[in-house]
Amino acid sequence: METYFNIRYEMDREAVHQAIDSHLQQQQPAYICVADGVILNIANRNPDYLNVVNGSLFSICDSGYVPLYLKWIYGIKREQYCGSQIFMDMIQMKKYRMFFMGTSTQTLAALKKNLVKLDGRVADMTFYELPFRSVDQFDYKEIADRVNVDGADIVWVALGAPKQEIFMSKLKPYLNRGVMIAVGAAFKFYSGLEEKRAPQWMVKHHLEFVYRIFSEPKKQLKRCSWIIITLPGLLLGEYRRKHQKTTYIA
């Protein structure tokens, strides 16, 4: 693992998969954050949220820009590993029992229908709609009881940041085992009903944020504004850490 911009990342895809397998063998609960630019920004403005993010097993890098920043500052090559990709990777492995929670019943039903085509075992997995409420109002013990009885290895959580990361941190103490992974809009992408990911050429050229702005202008413009405001300070801080030799490999 490596710490950049104050977030503990695992940026090697195979290492991510190995860590999940290893943790499942330990029979202990854990969660993984999928850190995009929004999470990076909020975590560096809110110390409590940063503690939640770094309380995870690790974060994977869902930002196409963080690898660019690391190349500029450190001259190193790192890769983006977005939430929708790890979601599909885990599905296609056909080796885990999974529990899907979040979004609407309609989206979950469409998601299940599409995933069953990739892995027939999904037909017997749980798709659970979470009630719409604040993160402090969930009955975490009741939700954990459902997951524990199910015996899921991977628990997918789709509530959107920063809510889903806080949700996982509050649910973890009640779980017997399993790895939770927050995947934001992945349920919507793969349900075929709502949001779609940007075309691959836009992703390749780091223009996915433009696609999202046109898809959800009010929501995304607000997020982008905060990122633009805080980005210079983040880059300067990381540049200073480089020269102070405080960046470490865990």
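Colleague: Where is confidence lowest in the protein, and where is it highest?

Modeller: Confidence is lowest in helix α11 (residues 208–215), at a mean of 53, and highest in β8, at 98. The score is pLDDT, the predictor's confidence in each residue, from 0 to 100. Helices (H or I, at least four residues) and strands (E, at least two) are DSSP runs, numbered from the N terminus. This is a predicted model, in which local features need pLDDT of at least 70, side-chain atom pairs count only at pLDDT 80 or more, and totals for chains, interfaces and linings use all residues. Residues are numbered from 1 along each chain as its sequence is written, and side-chain values use heavy atoms, with hydrogens and water left out.

Colleague: And what is the mean pLDDT of the protein?

Modeller: The mean is 88, and 84% of the residues reach 70 or more. Where pLDDT is low, the predicted coordinates should not be read in detail.

Colleague: How many helices and strands are there?

Modeller: The protein has 12 helices and 8 strands. Of its 250 residues, 46% are buried, where buried means under 20% relative accessible area, exposed over 50%, and partly exposed in between (1.4 Å probe, protein chains only).

Colleague: Let us turn to β7. Which way do its residues point?

Modeller: Ile154, Trp156 and Ala158 point one way, Val155 and Val157 point the other way, and all are buried. In a regular strand the side chains alternate between the two faces of the sheet.

Colleague: Which strand do 5 bridges join to β7?

Modeller: That is β5 (residues 98–102), which runs parallel to β7; two strands pair if DSSP finds at least two bridges between them. Met98 stands opposite Ile154. Strand β8 (residues 179–182) is also parallel to β7, joined by 4 bridges, and Val157 stands opposite Ala182 there. From β7 the chain crosses through helix α8 (residues 163–171) to β8, in a right-handed β-α-β crossover. Right-handed means that, with the strands pointing away from the viewer, the path from the first strand over the helix to the second runs clockwise.

Colleague: What joins Ala161 and Pro162?

Modeller: A cis peptide bond joins them, with omega about 5 degrees. Pro162 is in the loop between β7 and α8. Most residues other than glycine have a negative phi, and most peptide bonds are trans.

Colleague: What is phi at Phe5?

Modeller: Phe5 has a positive phi of about 55 degrees, although it is not a glycine. Phe5 sits in the loop between β1 (2–4) and β2 (7–9) and is buried, with a relative accessible area of 1%. Lys94 also has a positive phi, of about 55 degrees; Lys94 is in the loop between α5 and β5 and is partly exposed, at 47% relative accessibility.

Colleague: What is Phe5 in contact with?

Modeller: Leaving aside its neighbours within four places in sequence, Phe5 has contacts (heavy atoms within 4.5 Å) that include Leu40, Val66, Tyr69 and Leu234. Phe5 is also among the residues with the most contacts inside the largest nonpolar core, which has 43 residues. Such a core is a set of buried Ala, Val, Leu, Ile, Met, Phe, Trp, Tyr and Cys residues joined through side-chain atoms within 4.5 Å.

Colleague: How many aromatic pairs are there?

Modeller: The count is 14. Rings of Phe, Tyr and Trp (its six-membered ring) pair if their centres lie within 6.5 Å; planes under 30 degrees apart count as stacked, over 60 as edge-to-face and the rest as tilted.

Colleague: Why is the pair of Tyr69 and Trp72 tilted?

Modeller: Their planes stand at 50 degrees, with the ring centres 5.6 Å apart, so the pair is tilted. Both residues lie in helix α4 (residues 66–74), 3 residues apart, about one turn of the helix. Tyr69 is buried at 8% relative accessibility, whereas Trp72 is exposed at 58%.

Colleague: And how are Phe87 and Tyr190 arranged?

Modeller: Their pair is stacked, at 5.6 Å centre to centre and 20 degrees between the planes. Phe87 lies in helix α5 (residues 83–93) and Tyr190 in helix α9 (residues 186–191), so the pair ties together parts 103 residues apart in sequence. Ring pairs link both into a cluster with Phe100, Phe127, Trp156 and Phe187.
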